[in-house]
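Visitor: Please show me the model, and I will ask what stands behind the words used for it.

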Amino acid sequence: GLDRLAVESEALNFVRHHGIECVPQPILSDSVKQCAVFEYIEGAKVTSNKVSEADIDQATQFLARLDGLKKGPDSSWLPGAAEACFSFRDIIDNLDSRLARLEVTSAQEFLAAEFAPAFHRTVEWCEERISSAGESMDAELAVNDRTLSPSDFGFHNAIRRDDGELVFLDFEYFGWDDPAKMICDFLLHPAMELSVSLKMRFVENMLGTPKPDQTLLERVETVYPLFGLKWCLIIL
């Protein structure tokens with residue numbers, strides 16, 4: 001399985017080494033005993049109702065800086081993020097395997113009657129959209145179009161220092177990922193309830209304005225309902 005302790009320690013060391021200081025400094029890590037010590041961050045939890053436009057800007061600036069590190073020679077050894085999916089088929093396969101694990105639980109009735117038909121309709125819609133754009137379900141996202149992602153990213157994994165600076169935590173799933181997945185997961189994460197205007201600001205910051213990255217925008221629109229369904233399965 002994934003050694004989350006090693007991933008987290010190496011990810012934080014990598015990020016700090018490149019001069020990004022809005023993450024905790026790793027101090028000690030023991031892979032045998034599976035325990036680690038990280039710098040203590042003095043601050044407060046970030047709650048949904050306290051998130052501001054400035055916070056959204058801090059979050060997207062941080063992600064942009066991470067994306068900027070992908071071109072460096074030391075980024076090639078970094079792992080894939082947890083459950084990274086680089087083709088549309090990968091996302092559907094991931095949903096299928098999660099669904100199979102749940103079909104032996106008490107949720108099976110709901111899954112058969114409600115979830116499976118919605119999943120089926122969504123996949124059909126995605127396939128139609130992708131083929132009309134002249135693309136393939138199996139085509140892998142080009143390496144240049146991937147990004148470095150904390151994976152479980154959002155204000156639920158942040159601490160606000162007294163001066164308002166945010167520190168981002170939890171890098172155990174860090175690695176190469178599809179930026180469309182990163183955007184969708186931020187918008188859909190059930191630990192945060194952000195207003196529509198804040199979500200729009202996040203998307204605009206991530207896609208760039210006034211001329212957004214059209215390819216990424218279309219990819220986000222295609223995978224958003226799939227990741228919505230995935231979050232239903234995660235909650236179940």
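Visitor: Which residue takes a positive phi in the hairpin of E1 and E2?

Guide: Gln34 takes a positive phi near 55°, and the hairpin has 4 residues between its strands. This is a predicted model, in which local features need pLDDT of at least 70 and side-chain atom pairs count only at pLDDT 80 or more, while totals for chains, interfaces and linings use all residues. Residues are numbered from 1 along each chain as its sequence is written, and side-chain values use heavy atoms, with hydrogens and water left out.

Visitor: What makes E1 and E2 a pair?

Guide: Strands (E, at least two residues) and helices (H or I, at least four) are DSSP runs, numbered from the N terminus. Two strands pair if DSSP finds at least two bridges between them. Strand E1 (residues 26-30) and strand E2 (residues 35-38) have 4 bridges, in the antiparallel sense, so they meet the definition. Asp30 has Cys35 in E2 as its bridge partner, and Ser29 has Ala36 there.

Visitor: In the open sheet of 3 strands, what is the order?

Guide: The order is E3-E5-E6, with antiparallel pairing. Strand E3 (44-45) and E6 are the edge strands, since each pairs on one side only. E3 and E5 are joined by 2 bridges and run antiparallel; the requirement is at least two, so this is a pair as well. Lys45 stands opposite Ile159 in E5.

Visitor: What packs on the sheet?

Guide: H2 does, touching E5 and E6, and its direction makes about 40° with that of E6. The axes behind such an angle are lines fitted to C-alpha atoms, for helices over the stretch in contact, and angles run from 0 to 180 degrees between N-to-C directions.

Visitor: How do you know that the span of H2 agrees with that of a helix of 16 residues?

Guide: The expected span is 1.5 Å times one less than the number of residues. For the 16 residues of H2 (residues 53-68) that gives 22 Å, and the end C-alpha atoms are 22 Å apart, so the two agree.

Visitor: Why is Leu166 called buried?

Guide: Buried means under 20% relative accessible area, exposed means over 50%, and partly exposed is in between (1.4 Å probe, protein chains only). Leu166, in strand E6, has a relative accessible area of 0%, so it is buried. Contact means heavy atoms within 4.5 Å; beyond its neighbours within four places in sequence, the contacts of Leu166 include Val46, Asp55, Phe155 and Ile159.

Visitor: Why is Asp96 called partly exposed?

Guide: Asp96, in helix H3, has 38% relative accessibility, so it counts as partly exposed. Its C-alpha atom is separated by 9.6 Å from that of Lys230, 134 residues apart along the chain.

Visitor: Is Asp178 buried or exposed?

Guide: Asp178 has a relative accessible area of 1%, so it is buried. It lies in the loop between strand E7 (175-177) and helix H5 (179-188).

Visitor: What makes the link between the side chains of Asp178 and Arg219 a polar contact?

Guide: A polar contact is a pair of N or O atoms within 3.5 Å; within protein, one must be able to donate a hydrogen and the other to accept it, and residues adjacent in sequence count only if both atoms are side-chain atoms. The side chains of Asp178 and Arg219 are joined at 2.7 Å.

Visitor: What makes a set of residues a nonpolar core?

Guide: The members are buried Ala, Val, Leu, Ile, Met, Phe, Trp, Tyr and Cys residues joined through side-chain atoms within 4.5 Å. The largest such core here has 63 residues, and Phe62, Phe119 and Ile183 are among those with the most contacts inside it. H7 gives the most to this core, with 7 residues. Leaving aside neighbours within four places in sequence, Ile183 is in contact with residues including Phe202, Leu216 and Val220.
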